[in-house]
Amino acid sequence: MADYYELLRVPRGAGQEEIKKAYRKVALEHHPDRNEGSRESEERFKEVTEAYEVLRDPARRARYDRYGREGLRGPGGPGGGFDFSDALEVFMRDFGGFGGFESLFGGRRAGNRPMRGKSLRLKLPLTLRDVRAGVSKKLRVAVLEACDSCGGTGVKDGARPLPCATCQGAGEERRVERSVFGQFVSVAPCRSCRGEGTVISEHCQACHGEGRTRVDRRIQVNVPAGVSSENYITLRGEGNVGPRGGPRGDIIVLIDVAGHDRFTRDGIDLIVEVPITFSQAALGTDLTVPTVEGGTTGIEVPAGVQSGEVIRVRGEGLPELNGRHHGDLLVRLAVWVPERLDGEQARVMRKLRKVEDPAPEKIDRERRRTFWSRVREALG
């Protein structure tokens, strides 16, 4: 693992305020919510948060400066299971969240407040046609609801939860560590009651003390036009109920736009390849081309068009997400060469070959106009 100062991009003599500002900047940069859920970003987010937790504490920072990470081993150190939820809790504690990070990933609670239900993630497949028009979809999802038998308490009817004997109902444990630098006190959720402050002597038989049971629900998701596979939709408070009366989490709907056999997406533009014959390219023509909605639109192909050239149809692309602009349909023309010719076709082609120029290494506009003029004369 890299040096803590290098992770936060601060000098070794940096002050506390400088360290805090640096951590916020680097943490936001590597937060998975800003990096499409990247596993690598999640790991780096945990690393920079661990570095911040050490350097913000004068005693632990002094130990780190003198002994390195080896000097942090034991109860007073950041190791021993510093996971993503720990990192999120640190960020939320000092900065109050950013863009719904806490609600997106769920998280632990402090003290003995009710635990919030974890957020659910669903994948919603869409077509390009859905993206152009916007769509409303109904999804079936299994969520944890409050147990009907115990009302979500997890306690058998008639019984009552008891204060935790380990933490005396506080939900926290204080651990004292002594070292050459003095005495250090750390606070962590109680191991006996998992930070709830109470224990259940008689569990509800229906939910086994969890306070929740799994049920199937149908939810409606309204998808705006212009979305892409990088987007997601957050349904606030639609996810799992928290254990024993805790508030609901969210449902995160991940957008998954499928590919198309005719159209290729390029931002808000759509690209479609349309084959044309040699004579259509030489003489020009009117064509009917498909649109992503299943209809058609007309285009005019100019005489002398080259294979690979593009004709732009304004407004037939995809809408800009939460914007007013529409992309275009880019029709890429591909001159189709027949694999076999009948007798009449072969005769005409042999006649053309006698008058046509050899293909140049590069066709400029002037030579192209001259070439196609001779082609039209030969065929006429």
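C167 is buried, with a relative accessible area of 7%; buried means under 20% relative accessible area, exposed over 50%, and partly exposed in between, with a 1.4 Å probe and protein chains only. This is a predicted model, where local features need pLDDT of at least 70, side-chain atom pairs count only at pLDDT 80 or more, and totals for chains, interfaces and linings use all residues. Residues are numbered from 1 along each chain as its sequence is written, and side-chain values use heavy atoms, with hydrogens and water left out.

**Cysteines**
- The structure holds 0 disulfides, a disulfide being a pair of cysteine sulfur atoms within 2.5 Å.
- C150 takes part in no disulfide; its nearest cysteine sulfur belongs to C207, 3.7 Å away.
- C150 counts as buried, at 12% relative accessibility.
- C167 is in no disulfide either; the sulfur of C164 is the nearest, at 3.7 Å.

**Sheet**
- Three strands form an open sheet in the order β1-β9-β8, with mixed pairing.
- Strands (E, at least two residues) are DSSP runs, numbered from the N terminus, and two strands pair if DSSP finds at least two bridges between them.
- The edge strands are β1 (120-126) and β8 (232-235), each pairing on one side only.
- Neighbouring strands are turned by 25° against each other on average, direction ignored; axes are lines fitted to C-alpha atoms, and angles run from 0 to 180 degrees between N-to-C directions.

**The β1 and β9 pair**
- β1 and β9 (residues 251-257) run parallel, joined by 7 bridges.
- P125 has D256 in β9 as its bridge partner.

How values were computed
Helix = DSSP H or I, 4+ residues; strand = E, 2+ residues; numbered from the N terminus.
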